[in-house]
Amino acid sequence: MTKVISSNLGYPRIGEKREWKQALELYWNKSITEQELGVRTDKIRLNNIKKQQDKGIDLIPVGDFSFYDHVLDTSIMFGIVPSRFHYEGGKIDLDTYFAIARGNKDAVASKMTKWFNTNYHYIVPELKNVTPEITENLPLKYYKEAKSKLGVDGKPIFLGPLTFLKLSQGYEEEDLSDLIDTFTPLYITILQELEESGVSWVQVDEPIFGMNLSEYELELTHKVYQSIRQAVPSLKIIIQTYFESVTNYQSVCDLPVDGIGLDFVHGDTFSLLKKYGFPKGKVLAAGVVDGRNVWRANVEQKLSLLEEIVRYSDNTLIVQPSCSLLHVPVSKTLENEIDPIILDRLSFADERLEEIAILTKGLRTGRSSIRNEIIESNRSLHRVKESSYRENQNIKDEITSLSEADFTRTLPFSERIKEQRKQLGLPLLPTTTIGSLPQTQEVRQTRIKWRNGEISGQQYDQFIQQSIQKWISIQQDIGLDVFVHGEFERTDMVEYFGEKLKGFIVTKYGWVQSYGSRCVKPPLIVGDVSFKNPMTVKETIYAQSLTDKPVKGMLTGPITILNWSFVYEDVPRFTVLNQIALALRKEVEALEGHGINIIQVDEPALREGLPLDRDKQPAYLDAAVYAFRLATSSVKTETQIHTHMCYSDFKNIFNAIDNLDADVISIETSKSHGELIATFEENTYEKEIGLGVYDIHSPRIPSLSEVKQNINRALQIISPQQFWINPDCGLKTRKEAETVDALKLMVQAAEEIRESY
Ligand code: GLN
Ligand code: ZN
């Protein structure tokens, strides 16, 4: 009989009410000491472990906690600090740690990029010129803590060598083998210390196995795990994969470790299991409930799946979520305004753990032992199916009646741009920003007051107008060429539209970590999406009424809204995508109808949703491109469509970007240290483009020469007729004074460079 145990792969760090974020930001503002930060975060971390224990999880992860990001923690553990931070060995202090992530007055931060296909961002390890050494065995530290303080025999987790190195930068591909040789002994030491301290299970994360690895890389993988196996023979090591089925299934299953963790929610793992089986004697860790979505599991269906899976395993079967619960909110218990039909269908991290416990019980002691839970889960499913959320025939008809012409602008770019230039009359190297302007404490507090009914809607609108007015005049003073209204009315670029479109529901505390202390609150898509009323017209035309300079309309694009929402599970994603696009098309038309000549449709999440498996990428990109074009193609020739993207690696998506057919694209660039420019060197791109000229994720104000250098570097590859000058991304998180200073510098740089043409 196979033994069945329950496990978790990682728990959200942020706390039920984002206490973690508050603590970090207080520390950064110097309002609390390092010691106080420690006290606060210890409490959150131990409470998280305690909760998992109370929910009856057998293998509780330790080492999933972080002060910023777990990839950065891995770098720190191995003493990887870029030379510009002047590290000289030994334990790395907290301020250096934060400086690598956020930059400081003397040095720019490390690059930050998306963690696989999620909206979580990690800090890219810089391996150039560093000599790795162990500075601190972090998994061990957290293991000991859980053991001594809570009596929990945790499961240390950390990032495996292949994934860590593949996510790093600063080396050539042919050096991978040498690097593996360098890191193997370090990994061995970490594992040996864990073994000596009495650890029974460890989870080594290797999500890279969801991507297409070469034969050579697979060989290296076998080599490193062989060495590890020999050095730590009795530690139970599980290699954990997630976000996709494993592309080299047999090779990964054959790795010399005790167990393999597979994702049975994303990808086709079950087919692989049926086709190739599972190696004898190995532990199969089955991720059967979704760690990336918030819909309550269909207990009956999941149990049936587990009953099938268990037949392939002759050792222990571990029941667990598909990935770390880092990607879902903490607990639904605080939600008190959601329609009970929907609330009943929700499962955040805490509720997922309950599902794990139920399924484990069902598998151990038989279906009848969880009969009530099965009935309850089925009942809640039916309630949604029969609710009014599900059907909107009109919108379905509208989508089916679309034709090719609805996805294509009347004239090609080369013709459009002439009309647009005539209409807009902008100087060479036009300057603009990406959309949001600083959301001060006052802006946030006023919104809360309005939400709590302390001020009226009219008073709130007035406040928003004042903010717009203030910043139109600031933009005037700075001398920018294309203005924005500032997005003061938006908490978040997706949630805002979620509040205004039909088919969406927003949560109160459904926060998920995006990068550092920054959290987002993805809305829920519960039914067919459609346009109700104009969503951005009021603020945009008010801003336009105050100036002769063009004000850009500002929308979030369809694939970004889709990727940054929790889509109800039985709705096909591409259907929802087109519904969102159609709604946005109506908004675009409304803006244009009110005289707005430039409309920006942001798609920062285009790259993010790209499937890990190469074979699945074209279908996704086509869908994303079509949706964008559906949203933006009905405008007049002289209306200029902009788009914006951030933290992206454009390697495999260049054609898709070109096919969006946006007249102007602005891209975050300086945070990726100019790497992006190479993409434009290798490909010809005829449309207009703004490569961000300074990093906005850091409080650091760039120097004039730095900004000019960034512009000049881009101008070596992109013609000045094509080039726009803008910051990397929205300025929402920045302070007012630093924003004004930085933008003034940017405009000055543009003016000085213009003179040379
Ligand atoms: N227009 C948005 C803003 O400026 C874009 C944000 C983003 O790309 N993430 O805030
Ligand atoms: Zn951006």
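Gly435 touches Val484, Glu487, Met554, Gln600 and Gly730, leaving out residues up to four places away in sequence. Two residues are in contact if their C-beta atoms, placed from the backbone, lie within 7 Å. This is a predicted model: local features need pLDDT of at least 70, side-chain atom pairs count only at pLDDT 80 or more, and totals for chains, interfaces and linings use all residues. Residues are numbered from 1 along each chain as its sequence is written, while chains are lettered from A and ligands numbered from 1 in the order in which they are written.

**The listed site**

- An unreviewed UniProt entry lists Ile434, Gly435, Ser436, Glu487 and Asp602 under "binding site".
- These residues are spread over 169 residues of sequence, yet they cluster in space, with a largest C-alpha distance of 12.9 Å.
- UniProt positions follow the numbering used here, feature names are shortened, and annotations may be inferred rather than shown by experiment.

- Gly435 sits in the loop between helix 16 (413-424) and helix 17 (441-451).
- Helices (H or I, at least four residues) and strands (E, at least two) are DSSP runs, numbered from the N terminus.
- Gly435 counts as buried because it has 26 C-beta neighbours inside 10 Å.
- A residue is buried if 20 or more other C-beta atoms lie within 10 Å of its own, exposed if 12 or fewer, and partly exposed in between; C-beta atoms are placed from the backbone.
- Glu487 lies in the loop between helix 18 (457-478) and helix 19 (495-500).
- Glu487 has 24 C-beta neighbours inside 10 Å, so Glu487 counts as buried.
- Setting aside neighbours within four places in sequence, Glu487 is in contact with Gly435, Ser436, Met554 and Lys732.

**Around ligand 1**

- Ligand 1 is surrounded by 13 residues (C-beta atom, placed from the backbone, within 6 Å).
- The closest are Ile434, Gly435, Ser436, Pro604 and Gly730.

**Helix 14**

- Ser377, Leu381 and Val384 are buried in helix 14.
- They cover an arc of only 65 degrees around the axis (taken from the directions from the helix axis to the C-beta atoms), which puts them on the same side of helix 14.
- The face turned away from the buried side carries the exposed residues Arg371, Asn372, Ile375, Arg379 and His382.
- The buried residues of helix 14 pack against helix 11 (299-309) and helix 12 (340-343).

**Helix 4**

- Helix 4 (residues 94-102) has Tyr97, Ala99, Ile100, Ala101 and Arg102 buried.
- Its buried residues pack against helix 3 (70-77) and strand 4 (121-123).
- Gly103 follows helix 4, and the phi of Gly103 is positive, near 80 degrees.
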